[in-house]
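Subject: Structure handover

Hi,

Here is the structure you will be working with. Please open it first, then read my notes below.

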Amino acid sequence: MERVTLVVDAANVVGSVPDGWWRDRKGAAERLRDRLVPVASGGLPGVPGPLDVVLVVEGQARGVAPVPGVRVEAAPASGDDRIVELVAETPAPCVVVTADRGLRARVTPLGATCLGPRTVRPTP
């Protein structure tokens, strides 16, 4: 069975919980990255691990370093555009984590499945 690639829209997921993320966008993206480490090995409900996890960052969150289990892609411009490129370039099955309807509409025809932000960042 092919290993699933999990592509996470950092801006959308971080922005899904009003916890002050706007004061430190890079720090918020780093906390999300760290939460994704166990997801890489353990998977998600309905998406068994291990997974290839890619966190796509943009804007002020650029500069987030990768960690074992989580690759970080800094989008040169639009994070959504980079996510679409990643899905199109990836031969394995892709799951995109975002609530962005426009992005969902762009990646679904490319074969991606979409999950909401709460799958990787539950609300407190």
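The chain has four helices and seven strands. Both kinds of element are DSSP runs, numbered from the N terminus: helices are H or I with at least four residues, strands are E with at least two. From the N terminus on, the order is β-α-α-β-β-β-β-α-β-α-β. The radius of gyration is 13 Å, close to the 14 Å from the globule rule for 124 residues, so the chain is as compact as a globular protein of that length. That radius is taken over C-alpha atoms, and the rule is 2.2 Å times the number of residues to the power 0.38.

A note on the source: this is a predicted model, where local features need pLDDT of at least 70, side-chain atom pairs count only at pLDDT 80 or more, and totals for chains, interfaces and linings use all residues. Residues are numbered from 1 along each chain as its sequence is written, and side-chain values use heavy atoms, with hydrogens and water left out.

Now the overall build. The C-alpha atoms fill a box of roughly 40 × 30 × 25 Å along the principal axes. Buried residues make up 44% of the 124 residues. Buried means under 20% relative accessible area, exposed over 50%, and partly exposed in between (1.4 Å probe, protein chains only). Take contacts (heavy atoms within 4.5 Å) between residues at least 6 apart in sequence: 54% of them join residues at least 24 apart.

Next, the cysteines. How many disulfides does the structure hold? It holds zero. A disulfide here is a pair of cysteine sulfur atoms within 2.5 Å. For Cys94, the nearest cysteine sulfur is that of Cys114, 10 Å away. Cys94 is buried, at 5% relative accessible area. Cys114 also counts as buried, at 18%.

Last, the inside. There is one cavity of 30 Å³ or more. A cavity is a set of points on a 1 Å grid over the protein atoms alone, where a 1.4 Å probe fits but cannot get out; lining residues have an atom within 4 Å of a point. Points are joined across faces, edges and corners, and the volume is the space filled by probe spheres set on them. The largest cavity holds about 30 Å³ of space. Its lining is Val14, Asp19, Trp21, Ala28, Arg31, Arg35 and Arg121. Helix 2 (residues 25-42) gives the most to this lining, with three residues. By class, the lining has three nonpolar, no polar and four charged residues. Ala, Val, Leu, Ile, Met, Phe, Trp, Tyr, Cys and Pro count as nonpolar, Asp, Glu, Lys and Arg as charged, and the others, Gly among them, as polar.

Best wishes

Technical notes
On a 1 Å grid over the protein atoms alone, a cavity is a set of points where a 1.4 Å probe fits but cannot get out, and a pocket is an open set with protein on both sides within 12 Å along at least five of seven lines; lining residues have an atom within 4 Å of a point.
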